[in-house]
Amino acid sequence: METKTKKIIETAEETLLHTYNRYQIVLDKGDRVYLYDTEGKEYLDFAAGIAVFALGYNNKKFNEALNDQISKLVHTSNLFYNEPAVNAGAKLVKATGLKRVFFTNSGTEAIEGAIKLARKYAYNKDGRTDHEIIAMNHSFHGRSIGALSVTGNSKYQEPFKPLIGGIKFADYNDIESVKANITDKTCAIIMETLQGEGGIYPAEESFIKEIRKICDEKDIVLILDEIQCGMGRTGYMFTYERYGIKPDIVTVAKALGNGIPVGAFVAGDKVYNAMVPGDHGTTYGGNPLATRAADTVFDIFSEDKIVEHVKEVAPYLEKTLDEIASKYDCIKERRGMGLMQGLELTIPVNDVILKAQKNGLIVISASGNVLRFVPPLVITKEDIDLMAEKLCKSFDELTA
Ligand SMILES: Cc1ncc(COP(=O)(O)O)c(C=O)c1O
């Protein structure tokens with residue numbers, strides 16, 4: 001390791017709170033689907049900063065828009081209107097098929113807002129303050145106390161208890177377990193349309209449709225978390241389109257800003273009127289820089305036909321991963337949708353990740369010993385071939 005890289009890592013460990021076991025790589029710059037570290041080593045990136053960099057690194061149109069905005073205005077507060085927020089908001093409303101947007105700074109904050117909106121809707125109806133929310137086991141919704149409270153992972157939750165009250169957990173894709181948790185206090189059901197961090201599990205059609213039906217019948221708010229699986233990743237602008245349903249609230253982040261921190265919760269007909277001035281707020285959320293990023297992302301999505309591209313290229317990724325899975329005994333299963341795929345392994349996933357890094361490929365993990373593939377949405381078949389070459393080399397070296 002070169003002295004410069006070593007020095008940065010040492011200083012990081014003396015400076016930054018140790019909440020991550022980081023890989024021993026210092027990333028320096030990126031171009032399209034390639035990343036470069038401080039030693040000039042090139043990596044083919046199939047992680048996209050955890051499903052964020054949808055449009056690839058150093059995208060010219062995106063950079064120009066941001067540079068233009070930086071020289072005009074970066075922040076206003078929400079005491080005033082700003083045009084980028086209005087433009088991005090209109091595009092997000094159209095894309096989701098819902099009614100009103102609240103911009104946040106992260107996915108976690110989008111979840112917080114969604115929980116508050118669901119509770120407020122229920123409170124407006126009956127004035128009760130003991131409403132319950134049903135969340136899913138193996139879900140991931142974020143690390144703040146509210147988002148953690150609906151995250152079905154006891155390892156993440158345990159040291160930070162007590163969390164918020166009234167949360168019950170059901171099993172994903174098991175409708176009976178959801179029904180068993182419903183009471184007259186249930187105000188919301190929250191779930192990812194495709195579980196990411198929990199191990200890449202898509203919702204079964206019958207499950208998600210039945211949930212929608214129950215929410216309609218019992219006037220429960222359905223919150224779909226599309227922070228990871230939304231914005232084109234699965235070959236749909238939002239994954240719920242695949243099932244022909246709509247949530248009452250959808251949470252969005254990651255690809256929405258293509259690397260600029262921005263999230264949103266978007267509310268539909270049933271709930272969008274439930275909050276009034278004073279109920280929710282943020283200093284930065286929806287600032288002109290973040291929303292110019294989101295607005296530009298929508299423009300590039302339509303100009304470059306990103307969703308259509310994902311639809312075209314994703315079957316090739318699936319086929320390639322299936323071929324790799326059939327070649328190695330240490331791969332139990334491939335699962336996923338579009339450009340959000342996982343390989344469940346029987347050898348430690350971290351060994352594969354480290355070996356892949358040596359071979360110039362960045363991949364990440366998900367729970368349950370799963371190798372996760374969430375590349376920039378602009379990847380080509382040639383990029384997939386190169387990924388396969390590097391990945392097979394890594395498996396060969398590990399299983400030889
Ligand atoms: C499905 C899902 N929800 C919520 C979050 C939290 O988003 P953020 O890390 O932007 O706060 C994540 C992050 O990985 C996620 O994958």
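Q: In which hand does α4 pass α10 in their crossing?
A: α4 passes α10 in a left-handed crossing, a term used if the near helix is turned anticlockwise from the far one by less than a right angle, with right-handed used if clockwise. This is a predicted model, in which local features need pLDDT of at least 70 and side-chain atom pairs count only at pLDDT 80 or more, while totals for chains, interfaces and linings use all residues. Residues are numbered from 1 along each chain as its sequence is written, and side-chain values use heavy atoms, with hydrogens and water left out.

Q: What makes α4 oblique to α10?
A: Helix α4 (residues 83-96) and helix α10 (residues 288-303) pack at an angle of about 45 degrees, with axes 8 Å apart. Angles under 35 degrees count as roughly parallel, over 145 as roughly antiparallel, 65 to 115 as roughly perpendicular and the rest as oblique, and therefore α4 is oblique to α10.

Q: Which residues of α4 meet α10?
A: With contact taken as heavy atoms within 4.5 Å, P84, A85, N87, A88, K91, L92 and A95 in α4 meet residues of α10 including R292 and F298.

Q: How many disulfides does the structure hold?
A: The structure holds zero disulfides, a disulfide being a pair of cysteine sulfur atoms within 2.5 Å. For C187, the nearest cysteine sulfur, that of C215, is 10 Å away, and for C330 the nearest, that of C392, is 10 Å away.

Q: Why is C187 called buried?
A: Buried means under 20% relative accessible area, exposed over 50% and partly exposed in between (1.4 Å probe, protein chains only), so C187, at 3% relative accessibility, counts as buried.

Conventions: Axes fitted to C-alpha atoms, helices over the stretch in contact; angles between N-to-C directions. Helix = DSSP H or I, 4+ residues; strand = E, 2+ residues; numbered from the N terminus.
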